[in-house]
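These are my notebook entries on one structure. I went through the ligand site, a helix pair and a few loops.

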Amino acid sequence: MKLTVGQAVVRFLIAQHSERDGVRQRFFAGCWGIFGHGNIAGLGQALLEAGDDLRYYQARNEQAMVHASAGYARMKNRLATFACTSSIGPGATNMVTGAAVATVNRLPVLLLPGDVFATRVANPVLQELEDPRSLDVSVNDCLRPVSRYFDRIWRPEQLPAALLQAMRVLTDPAETGAVTLALPQDTAAEAADWPEELFETRVWRIPRTRPEVLAVSRAAAMIRDSQRPMVVAGGGVHYSDASAALRQFAEQTGVPVAETQAGKGALPFDHPSALGAIGATGSVAANSFARETDLVLGVGTRWSDFTTASSSLFASRGVRFVNLNVAGHDAHKQSAFPLVADAREGLEELMKALSGWQVDTGYRNLARAQAAEWDAVVESAYHLGHRPLPAQAEVIGAVNEASRPQDVVVCAAGSMPGDLHKLWRARDPKGYHVEYGYSCMGYEIAGGLGVKMAAPERDVFVLVGDGSYLMLNSELVTSIQEGIKLVVILVQNHGFQSIGALSRSVGAPDFGTRYRYRDPESGQLTGDVLPVDLAANAASLGADAIRVGSIPELRDALATAQASERTTVIHIETDPTVPAPSSSAWWDVPVAEVSALAATRAARAEYQEGKRTQRVALRPPLTE
Ligand SMILES: Cc1ncc(C[n+]2csc(CCOP(=O)(O)OP(=O)(O)O)c2C)c(N)n1
Ligand SMILES: [Mg+2]
């Protein structure tokens with residue numbers, strides 16, 4: 001069969017399927033793309049010819065199209081995603097940040113950047129890097145460290161093997177992330193003869209790896225021996241569709257469950273075993289359990305510094321870890337006893353091995369009582385009644401109360417992810433979508449688009465700060481173009497509230513974190529607030545924009561947005577001086593060791609207090 005490399009890639013993508021638990025689906029829902037000389041004749045022409053067999057979606061920014069794909073893949077529990085094609089040069093390097101989001105969050109996305117001429121006759125092509133040490137280097141090599149598989153198709157003959165490797169990695173739960181196949185622009189348009197088998201329907205089974213039998217009994221024995229066990233649930237619980245199994249595990253054993261950012265929603269917030277969020281942005285309930293626990297069962301977590309409060313949280317001398325994780329390198333973190341398996345399979349095996357065992361009633365009740373105390377804190381944060389401007393927590397409360405249980409809240413960077421982690425009342429396993437692996441400003445609207453494409457029956461509430469909005473708001477246009485409805489709540493606080501607070505805690509108060517005019521006298525950015533009008537900006541991009549000045553007005557606007565078919569941006573100004581309730585946990589951000597500023601010296605002294613609480617988990621998991 002004679003096809004160009006571009007046509008062969010598209011044909012192959014159309015034929016790929018995933019299957020788990022007997023359910024089969026197309027693996028690629030379509031292909032995002034922005035065209036230039038590097039990809040228009042190869043993939044562009046091929047997508048035109050394929051039509052709706054592999055639908056083309058137009059984005060405004062290459063980074064954003066990778067975010068949308070990652071959001072989609074996360075919502076689909078990694079069983080489906082998109083391909084993304086870019087031109088060479090800036091189009092390709094714009095995808096580097098999106099690729100990092102996908103890889104850090106362990107989400108499959110296929111990147112197909114154009115690349116420099118394989119034949120090199122016309123060198124240097126427009127946008128070629130020209131590395132004097134080697135002509136086989138191009139800017140696409142920037143994608144190597146952020147891709148779990150990277151290949152460059154210099155010759156058509158190399159394509160079949162590369163496509164199969166790409167699919168292997170994309171559908172492997174332990175290895176998945178961004179995968180890059182760079183397509184030199186001449187090769188992509190070159191024709192070759194392909195075997196028909198390459199384009200036959202291919203089904204990639206997503207395995208549910210079972211844990212080793214002996215490892216299960218060892219892990220169960222460690223849990224049985226413990227006095228104060230707890231579960232830390234991570235994103236792997238969702239990806240493995242294990243929230244029902246986790247709930248059963250918690251009900252059978254009484255072991256309380258805390259959740260990471262990616263794991264939030266694993267249990268509904270009001271489940272009797274739910275301690276809520278853990279770590280630097282956690283609930284006081286989960287964090288006080290973490291300080292005293294003697295055995296932690298980590299399920300599908302990568303143990304980020306936010307979860308461990310920078311290695312300061314699990315303070316009990318005798319604490320040991322068991323990690324149930326599909327990836328060996330995660331399973332071994334925290335010097336844990338590793339249970340390498342799919343989360344659902346692993347929990348089911350542990351339940352069998354723990355049959356008849358439970359934590360004592362007192363411990364169970366303590367979890368319930370502390371979670372109830374935290375929920376009272378949430379309730380009052382939701383209804384602070386702060387004036388004249390509302391607090392951010394009240395905005396979160398109003399959105400939570402207006403949304404239906406199955407709806408999805410989306411966020412990524414700024415002060416809101418932490419506040420959402422602490423305060424959002426999750427009622428559905430897929431209802432909480434905060435990208436906090438890479439915490440990438442600009443993910444919010446683009447990622448929300450992918451979420452809505454994966455779950456059109458749900459309303460998607462995108463919470464975005466003014467800083468993130470200004471960084472990447474352009475996919476609002478895509479949402480209008482495709483009729484993909486979002487409800488965007490744009491929280492205006494004239495700068496970086498999150499980093500503002502951080503700057504104060506490291507003794508560099510408010511430096512570079514406010515959007516202000518330069519003050520002619522001091523020479524600093526401390527003048528008046530800038531005259532930006534982000535609601536007008538949203539309206540100019542085609543969205544319905546509503547400005548609100550209070551929480552009751554916000555509630556009305558949310559109702560209007562919910563009733564509408566179109567994307568609505570609700571603009572609300574908040575008071576950045578009102579923090580969310582404290583998590584009583586620490587986060588390690590270094591402070592200058594010497595300084596002429598008194599504020600920095602004071603911050604350094606406090607930092608050293610925090611450092612004293614840090615302890616790397618090194619205890620061997622098995623003592624006998
Ligand atoms: C792409 C990117 N650049 C920088 C950062 C560091 N950073 C984290 S939050 C933040 C400020 C976010 O501002 P805004 O969206 O207004 O949210 P706020 O902090 O005001 O809640 C910055 C600069 C980041 N996370 N991502
Ligand atoms: Mg802001």
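How many nonpolar, polar and charged residues does the shell around ligand 1 have? I count four nonpolar, ten polar and one charged. For these classes I took Ala, Val, Leu, Ile, Met, Phe, Trp, Tyr, Cys and Pro as nonpolar, Asp, Glu, Lys and Arg as charged, and the others, Gly among them, as polar.

Conventions. I note that this is a predicted model, in which local features need pLDDT of at least 70 and side-chain atom pairs count only at pLDDT 80 or more, while totals for chains, interfaces and linings use all residues. Residues are numbered from 1 along each chain as its sequence is written, chains are lettered from A and ligands numbered from 1 in the order in which they are written, and side-chain values use heavy atoms, with hydrogens and water left out.

Entry, ligand 1. I found 15 residues surrounding ligand 1, a residue being near if one of its heavy atoms lies within 4 Å. The closest are S415, S439, D466, G467 and S498. Helix 18 (466-471) and helix 20 (497-505) each supply at least two residues of this shell, and helix 18 gives the largest share, four residues. Helices here are DSSP runs of H or I with at least four residues, strands are runs of E with at least two, and both are numbered from the N terminus.

I then looked up polar atoms at the ligand. A nitrogen atom of ligand 1 sits 2.8 Å from a polar backbone atom of S439. An oxygen atom of ligand 1 is 2.9 Å from a polar backbone atom of S468, and a backbone N or O atom of G495 is 2.8 Å from an oxygen atom of the ligand. Of the 580 Å² of accessible area that ligand 1 has on its own, the protein covers 78% (Shrake-Rupley method, 1.4 Å probe).

Entry, helix pair. Helix 17 (residues 443-454) packs against helix 19 (residues 475-482) at about 25°, with axes 9 Å apart. Axes are lines fitted to C-alpha atoms over the stretch in contact, and angles run from 0 to 180 degrees between N-to-C directions. The two helices are therefore roughly parallel to each other, the term for angles under 35 degrees. I445, A446 and L449 in helix 17 meet E475, L476, T478 and S479 in helix 19 (contact: heavy atoms within 4.5 Å). The residues of this contact divide into four nonpolar, two polar and one charged.

Entry, loops. I located D588 in the loop between strand 23 (568-573) and helix 23 (598-612). The side chain of D588 makes a polar contact with the side chain of K611 at 3.2 Å (N or O atoms within 3.5 Å, one able to donate a hydrogen and the other to accept it; residues adjacent in sequence count only if both atoms are side-chain atoms). Not counting residues up to four places away in sequence, D588 touches S310, Y607, K611 and Q614.

I also checked the backbone. A cis peptide bond joins R387 and P388, with omega about -5°.

Note on methods: Angles under 35 degrees count as roughly parallel, over 145 as roughly antiparallel, 65 to 115 as roughly perpendicular and the rest as oblique.
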